[in-house]
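Please keep the sequence and the structure in view while reading.

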Amino acid sequence: MISRVSPEGDAIAGEADLRVWDRLRAAVLELRDVKLTLTLSRRGQVVQADGEMQILGSVVCERCLGAMPLSLRVPLRVGIGESEAVVAACDPELDAVIAANGSLDLQTWLEDEALLALPMVPRCDVWVEGPCSVSNMVPPQVIK
């Protein structure tokens with residue numbers, strides 16, 4: 001419940017429970033760690049959340065199909081409220097996160113943010129010459 005955030009503010013820090021992040025685990029090759037630091041501050045009917053999520057794991061490279069390391073830093077700066085209008089009235093620069101009936105499933109929201117931060121077409125460094133730094137494959141040769 002967003003009403004439980006104290007007027008002085010609260011903080012959340014630590015590792016996410018990856019056992020409940022089924023959608024993210026299905027989207028990556030390996031999910032090793034998700035760390036979170038989040039500061040919550042009450043601004044009238046809105047709770048402003050500022051912080052960062054760090055995601056470590058691996059994804060499949062779409063270029064060579066090898067396992068590519070994944071290291072993401074996802075900045076978080078949102079307004080949590082019961083409607084977009086309430087958040088926009090508080091600060092139009094904040095992205096709105098809707099807390100229906102004043103309640104927000106924190107794990108689901110954070111997993112959504114992590115999924116949105118994944119690269120759409122992950123690729124290892126551009127091959128110029130030599131073997132791929134991820135899979136050790138040699139680029140295809142054009143024979144004349």
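This is a predicted model: local features need pLDDT of at least 70, side-chain atom pairs count only at pLDDT 80 or more; totals for chains, interfaces and linings use all residues.

S1 is hardly covered, for among its six residues the count of buried residues is zero.

## The sheet as a whole

The open sheet is formed by five strands in the order S1-S2-S3-S4-S5, and their pairing is mixed. Strand S1 (10-15) and strand S5 (95-98) each have a single partner strand and stand at the edges, so one side of each is left without a neighbour in the sheet. On average, and with direction ignored, neighbouring strands of this sheet are turned by 25° against each other.

Helix H3 (residues 106-117) packs on the sheet, where it touches S1, S2, strand S3 (46-60), strand S4 (67-81) and S5. The direction of H3 makes about 130° with that of S4.

Is Leu65 buried or exposed? Its relative accessibility is 63%, and because a residue counts as exposed over 50%, Leu65 is placed in the exposed class. Leu65 lies in the loop between S3 and S4.

Together with Leu29 and Val60, Leu65 forms a nonpolar patch on the surface, and the accessible area of these residues together is about 280 Å².

Technical notes. Residues are numbered from 1 along each chain as its sequence is written. Side-chain values use heavy atoms; hydrogens and water are left out. Two strands pair if DSSP finds at least two bridges between them. Helices (H or I, at least four residues) and strands (E, at least two) are DSSP runs, numbered from the N terminus. Axes are lines fitted to C-alpha atoms, for helices over the stretch in contact, and angles run from 0 to 180 degrees between N-to-C directions. Contact means heavy atoms within 4.5 Å. Patches are made of residues with over 30% relative accessible area and no salt bridge: like charges are joined within 9 Å, nonpolar side chains (Val, Leu, Ile, Met, Phe, Trp, Tyr) within 5 Å. Accessible areas come from the Shrake-Rupley method with a 1.4 Å probe; for residues, only the protein chains shown count as cover. A salt bridge is a side-chain nitrogen of Lys or Arg within 4 Å of a carboxyl oxygen of Asp or Glu. Buried means under 20% relative accessible area, exposed over 50%, partly exposed in between (1.4 Å probe, protein chains only).
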